[in-house]
Amino acid sequence: MHDKLDKEINAFPTAKLSVEHVCKDFRTRNGTVRALDDVSLTINEGEFVCFVGPSGCGKSTLLNIIAGLEKPDSGLALIDGVPITGPGRDRMVMFQEHALFPWLDVIGNVMFGLKQKPNLTDKERLEVAKYYLFLVKMDRFAHSNIHELSGGMRQRVALARSLAPNPKILLMDEPFSALDAMTRERLYGDIQDVWEKRRKTIIFVTHNVREAVCLGSRVILFSPHPGRIREQFPVSLTRPRNINDHDLADLSMQITSALKGYTAAESD
Amino acid sequence: MKRFLISLIFFILLILVWAGCTGELAFLGLNESLWSPFVLPSPQVVAQYLWDNTINGKIPLSMLITLRRLLIGYAIGLVLGVPLGMLSARFRSVSDTLGVLALGLQALPSVCWVPLACIWFGQTEAALLFVVIMGTLWSVLLSTQNGMRNVPPIYARAARTMGSSPLHTLVFVTLPASAPFVVSGMKQGWAFAWRSLMAAEIYVSVVSGFGIGQYLHYGRELQRMYQVIGIMFIIILVGLLADKILFSPAEAWLHRRWGTDKE
């Protein structure tokens, strides 16, 4: 039994993701808005990529298409060459709100996704859940109720919940935007740590350039109306990175001015 | 403990006032009843009636008969009401038809069904069950529907990304997420069921069993107000116990889990 458990925990599945000519429109009262306009992109196995851009640039829409929660009007999103047709266990999503279930305790929440995973006994699932709670430093709170946790603790549990089924890809939609600065800084360290330990492909959506530079190996800049990829910046700073670091601030300044250029041109 | 004592003192005082008004506190000089014992019997007479009829088994037997009707009717109401409420929350066509019907019928006190129930089913158990079901069903249906509609959509989205199928999401996410609404609907349904059963038993004499409500009815016929008051006590007691035993623990658990505690 222990072999099986070790195998489950020590498996590091990861995947290559490609997006090919994806378009997506949204109909609103004021007409049709083009959220994504012919977007193509390749993300390698184990890469940590950040999508940055102002609201309305389609970054969350693209994340939802990769998650399988929305369908593109045209174009394709593929995982290891296989088209995405709906949500799947190989991609887990962490939302802006924690989206934890208040009728379950902490461990119950982490177990929820695991229970959908076949070939494991309940005892093994419990061990796996405990391992991930330990990884996000929440093992002491396994039997707490969700409302008893602080915002940062809730997002840690949400992280454990999305890591537990051992997905190939982790999709994070502005997961830290509702937290205070101190808590956020601590989570930046934790998420880098998790990425190094679990070697997943991570897509992280944010409107905070500095956050993107702190976390990503590559920062992809989006611009709105219509939503397009404008520029990509590789980030080769050494890890673990500190958000208050000088080089990091320099790079994010560059990216911010590029971003400002696009949005200013748009409002003219 | 302090809260329990305050309750206890309050009820003792209430009974003392009643005893005083009916001339049973002779040591305080209150030895004359304000009204005829026919209008307001004294607590002692009522207690005597309850005691005698508990000992000879009449009240326990009729309680058994009544509770059996209540539980069966209530259970049928729940089994129908929760799934119908789920359907109504899910499909617009169901909520535009059944949902509107439920809203209308919920406004109708279910004792209004008694005349029809007697014609349709005769003076049988079925007539009583029908009235109880009409009391339970609609409020359970409506609160389930309401609860499911109030579930934040992010829960279902999160569940879907974790590989939960639509049916699995319905049973393990949407239903538990609406539990606070469903439980308060079940509680309201219980109160309605109990009221409708009492009304039905007072109106309909059924040969298959002599329920609590029928004792109240015969107390009136025989002009035994002590019997009427005694049975009223029992009706109140059943209502209170159901609340404390069935619903309070469930509500306390929900409050603890959801963090909606007032204290």
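How many bridges pair strand β1 and strand β4 of chain A, and in which sense? In this predicted model, β1 (residues 17-28) and β4 (residues 74-79) of chain A run antiparallel and share five bridges. One spot to look at is Cys23(A), whose bridge partner in β4(A) is Ser74(A). The two strands belong to an open, four-stranded sheet of chain A with the order β2-β1-β4-β5 and antiparallel pairing. At the edges sit β2 (31-43) and β5 (82-83) of chain A, each pairing on one side only. Helix α2 (residues 59-67) of chain A packs on this sheet, where it touches β1, β2 and β4 of chain A. The direction of that helix makes about 120° with that of β1(A).

Now for the nonpolar cores. The largest one counts 82 residues, and those touching the most other members are Ile66(A), Val110(A), Tyr132(A), Ala160(A), Leu171(A) and Ile203(A). Helix α3 (residues 106-115) of chain A is the top contributor to this core, giving six residues. Both domain 1 (14-90 + 170-267) and domain 2 (99-166) of chain A supply at least three residues each. As for Ile66(A), its contacts beyond four places in sequence are Leu17(A), Ala77(A), Ile84(A), Arg91(A), Leu171(A) and Ile203(A). A separate core of 42 residues includes Val82(B), Phe130(B), Leu142(B) and Phe192(B).

Over in chain B, helix α2 (residues 43-55) has 13 residues, so at 1.5 Å a residue it should span 18 Å. Just past α2(B), Gly57(B) adopts a positive phi of about 85°.

Notes. Residues are numbered from 1 along each chain as its sequence is written. Chains are lettered from A and ligands numbered from 1 in the order in which they are written. This is a predicted model: local features need pLDDT of at least 70, side-chain atom pairs count only at pLDDT 80 or more; totals for chains, interfaces and linings use all residues. A nonpolar core is a set of buried Ala, Val, Leu, Ile, Met, Phe, Trp, Tyr and Cys residues joined through C-beta atoms within 7 Å. A residue is buried if 20 or more other C-beta atoms lie within 10 Å of its own, exposed if 12 or fewer, and partly exposed in between; C-beta atoms are placed from the backbone. Domain bounds come from an automatic or database domain assignment. Two residues are in contact if their C-beta atoms, placed from the backbone, lie within 7 Å. The expected span of a helix is 1.5 Å times one less than its number of residues. Two strands pair if DSSP finds at least two bridges between them. Axes are lines fitted to C-alpha atoms, for helices over the stretch in contact, and angles run from 0 to 180 degrees between N-to-C directions.
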